[in-house]
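Biologist: I would like to learn how to read the relation between copies of a chain and the interface they share. Please show me the model, and we can go through it step by step.

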Amino acid sequence: VFLSDYGHQDEFVGVCHGVIARLCPAARVIDLTHGVRRHNVRQGAMILARSLQYTPPAAVVLAVVDPGVGGARRAVALRLADDRIMVGPDNGLLSLAAARAGGVVAAVDLAASPWRLDPVSATFHGRDIFAPVAARLAAGEPLDEAGHDLDPAQLIAIELPRARRESEALVAPIVGVDAFGNLELAAVGEDLRALGVIAGEPLRIGGGNRRRQGPGHAARYGATFSDVAPGELVVYEDATGALAIAVAQGDAAGRLGLGSGDQVRITGGQ
Amino acid sequence: VFLSDYGHQDEFVGVCHGVIARLCPAARVIDLTHGVRRHNVRQGAMILARSLQYTPPAAVVLAVVDPGVGGARRAVALRLADDRIMVGPDNGLLSLAAARAGGVVAAVDLAASPWRLDPVSATFHGRDIFAPVAARLAAGEPLDEAGHDLDPAQLIAIELPRARRESEALVAPIVGVDAFGNLELAAVGEDLRALGVIAGEPLRIGGGNRRRQGPGHAARYGATFSDVAPGELVVYEDATGALAIAVAQGDAAGRLGLGSGDQVRITGGQ
Amino acid sequence: VFLSDYGHQDEFVGVCHGVIARLCPAARVIDLTHGVRRHNVRQGAMILARSLQYTPPAAVVLAVVDPGVGGARRAVALRLADDRIMVGPDNGLLSLAAARAGGVVAAVDLAASPWRLDPVSATFHGRDIFAPVAARLAAGEPLDEAGHDLDPAQLIAIELPRARRESEALVAPIVGVDAFGNLELAAVGEDLRALGVIAGEPLRIGGGNRRRQGPGHAARYGATFSDVAPGELVVYEDATGALAIAVAQGDAAGRLGLGSGDQVRITGGQ
């Protein structure tokens with residue numbers, strides 16, 4: 001399973017596939033996505049955390065969103081409590097998935113891995129360190145031969161923002177925008193129902209800052225886009241279990257003028 | 001064979017690959033394209049109809065362009081007259097390919113398929129219904145165990161617009177624009193030759209509405225882009241057998257200011 | 001190994017995969033990239049030359065960047081001195097990789113290849129000629145049965161521009177821009193060190209035309225982005241061994257207002 005922010009415009013992804021095929025010809029590679037926004041470690045970490053349950057349990061996970069490549073950040077390979085193996089930079093990218101899998105039971109530092117390509121470039125560790133290590137692990141070579149032992153307690157973890165209750169409103173950070181303009185919130189359905197709102201009822205959505213806020217936008221709490229008319233706003237639990245905002249057959253990010261890092265304020269009623 | 005409008009920015013395609021690999025590890029997935037324009041069922045249907053002849057005859061086809069996900073539209077798996085199996089929403093997406101293959105000989109409704117993931121989300125049936133059903137069918141499990149029998153006569157079909165003759169002109173709807181700006185018409189070479197035009201001769205291309213039309217653009221009826229000088233317009237039979245308009249080494253959609261849903265009026269002569 | 005300028009918006013890549021899977025079901029296809037800029041033969045040739053060392057040595061290389069499709073350019077299959085096989089148009093696309101591999105030891109002209117699909121379209125030789133030929137060669141069929149013998153001396157080669165020294169400056173053509181806005185130069189680290197500049201020292205970067213040039217931009221000769229602060233310019237040897245210009249966590253092409261085909265003038269000092 002391979003995730004990165006390399007995109008498809010250049011040959012970066014293809015070259016990593018080539019390195020893997022040379023070292024582990026039997027490996028089958030699932031490209032989870034290479035569309036993580038450049039250097040957006042948090043977005044990559046969130047995708048890994050919510051997606052790995054849908055990939056084969058024996059898969060090695062290769063993840064590269066690496067703004068610090070060539071700098072002081074560690075390169076690591078991890079064995080999780082569910083026996084899954086992950087390979088990537090130690091910048092928090094792997095931390096949300098690892099926590100969800102029950103934590104890290106073994107870690108190695110790849111700085112002097114005997115499996116690195118020679119020479120190692122300063123800027124393309126995906127090709128020179130991470131892909132060859134992932135390929136050899138996929139081929140069954142033991143994790144402890146990939147590099148030096150590392151105390152899992154030293155690994156970098158990232159924290160996600162959380163929604164909060166403000167009297168009669170739910171104030172939720174927007175943590176993602178998908179290709180359709182749907183806004184993913186750091187909140188779950190239960191947060192909304194705690195306001196006393198039930199499925200099918202009307203809502204209002206405003207910007208997160210109460211002072212600058214107008215009357216907000218009319219929306220509805222639904223199970224899916226189809227619960228509102230085309231062009232209308234719906235708040236729903238998305239396919240990952242998170243609360244999300246969509247415009248049926250439209251673009252919620254564009255309509256509300258909001259994006260990742262902004263907040264929304266949701267209240268019940270017309 | 002997997003087609004969708006998911007794009008490559010998010011992990012939707014990769015998660016479906018993961019689900020398939022879990023259920024049918026031996027499956028090899030050919031990504032036909034995930035660049036169908038969002039919710040453009042007709043475009044997806046046209047791509048399937050013209051492409052399946054180039055894919056392995058034993059392949060299961062997984063197709064997801066699904067604006068009605070979570071609503072009342074049926075989810076189906078079909079066996080075609082040529083023995084090919086298709087899985088996707090019953091919104092016409094599968095209908096053009098099915099017709100080209102000689103029709104549907106068996107259909108099942110997947111609403112209560114025992115092969116669905118549990119829980120089924122309201123918005124990501126690609127992951128929760130279509131991918132697991134396609135994977136199990138690819139693994140050789142029988143179609144009639146995928147869900148309830150459905151009368152093929154109840155399936156939704158879509159109709160394509162057609163070119164028409166207006167005295168000395170061919171008026172043809174534009175049904176697609178590719179990444180190069182080439183315009184695909186709902187017409188074939190024979191329609192043009194019926195005007196008395198032969199290969200190599202000059203043409204004029206105007207907008208489809210006669211009243212608002214100026215003198216139009218000079219073009220030539222050619223076999224390929226190379227038959228005209230760079231920057232010139234050529235009308236030719238494209239690789240799918242359809243009549244198309246291109247600018248040699250340029251962008252016909254941009255030059256003519258036309259796109260999918262518009263019409264062109266083609267006449268012979270300078 | 002498959003490279004093209006087809007992009008991922010249409011089904012062109014997927015249809016070629018289908019053709020390959022029909023003719024050589026055991027083939028595994030590595031998509032090196034399909035993001036070559038449309039018709040940019042030189043960019044495709046440079047990617048092939050620098051990438052093939054990272055792909056399996058036994059792989060057949062299918063490369064299609066083909067502005068002259070349907071015209072007079074030859075379609076060819078080549079055996080290189082390192083025993084690698086390449087298939088594509090004879091427009092220089094294969095020439096840089098072939099030269100790097102020690103040259104071409106055998107060539108065949110595919111114009112009348114018995115392995116072509118029937119009919120052959122005028123515009124999609126990737127599907128109708130190149131993919132079926134590559135698939136059969138990958139399946140082990142002999143090169144000399146793919147078409148007519150061709151003298152390798154007749155193959156088209158392309159030449160790359162080169163950096164030059166102008167008194168105290170290095171004037172280097174920009175030959176590529178990656179998805180991150182990093183500028184690739186037709187120069188290597190040694191060219192810069194020949195100016196007396198050593199790693200860590202300051203540089204100035206100006207446009208290539210001395211007359212219109214202001215004082216230029218401050219930069220530093222580093223090993224990687226991490227050697228400068230975010231937002232600062234760095235000149236470094238990239239992962240392919242070429243000299244490149246980046247803005248740490250930014251977009252050098254945008255900052256400098258330069259792109260492929262432009263030149264830069266690099267001098268030592270503040």
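Biologist: Why do chain A and chain C meet through different surfaces?

Modeller: Only 3% of the interface residues of chain A are also interface residues in chain C, so the copies meet through different surfaces. Contact here means heavy atoms within 4.5 Å. Before going on: this is a predicted model, in which local features need pLDDT of at least 70, side-chain atom pairs count only at pLDDT 80 or more, and totals for chains, interfaces and linings use all residues. Residues are numbered from 1 along each chain as its sequence is written, chains are lettered from A and ligands numbered from 1 in the order in which they are written, and side-chain values use heavy atoms, with hydrogens and water left out.

Biologist: By what turn and shift can chain A be laid on chain B?

Modeller: Two copies of a chain are related by a rotation about an axis and a shift along it. For chain A and chain B the turn is 120° and the shift along the axis is 0.0 Å, with an RMSD of 0.0 Å (least squares on the C-alpha atoms of residues with pLDDT of at least 70 in both). The two copies are thus related as by a three-fold rotation axis.

Biologist: What area is buried between chain A and chain C?

Modeller: The size of an interface is often given as the accessible area lost when the parts come together. Between chain A and chain C about 2400 Å² is buried, 54% of it from carbon and sulfur atoms; the value uses a 1.4 Å probe and is summed over both parts. The contact involves 29 residues of chain A and 30 residues of chain C.

Biologist: How many helices and strands does chain A have?

Modeller: Chain A has 6 helices and 15 strands. Its C-alpha atoms fill a box of roughly 65 × 35 × 30 Å along the principal axes.

How values were computed
Buried area = accessible area lost by both parts, 1.4 Å probe. Helix = DSSP H or I, 4+ residues; strand = E, 2+ residues; numbered from the N terminus.
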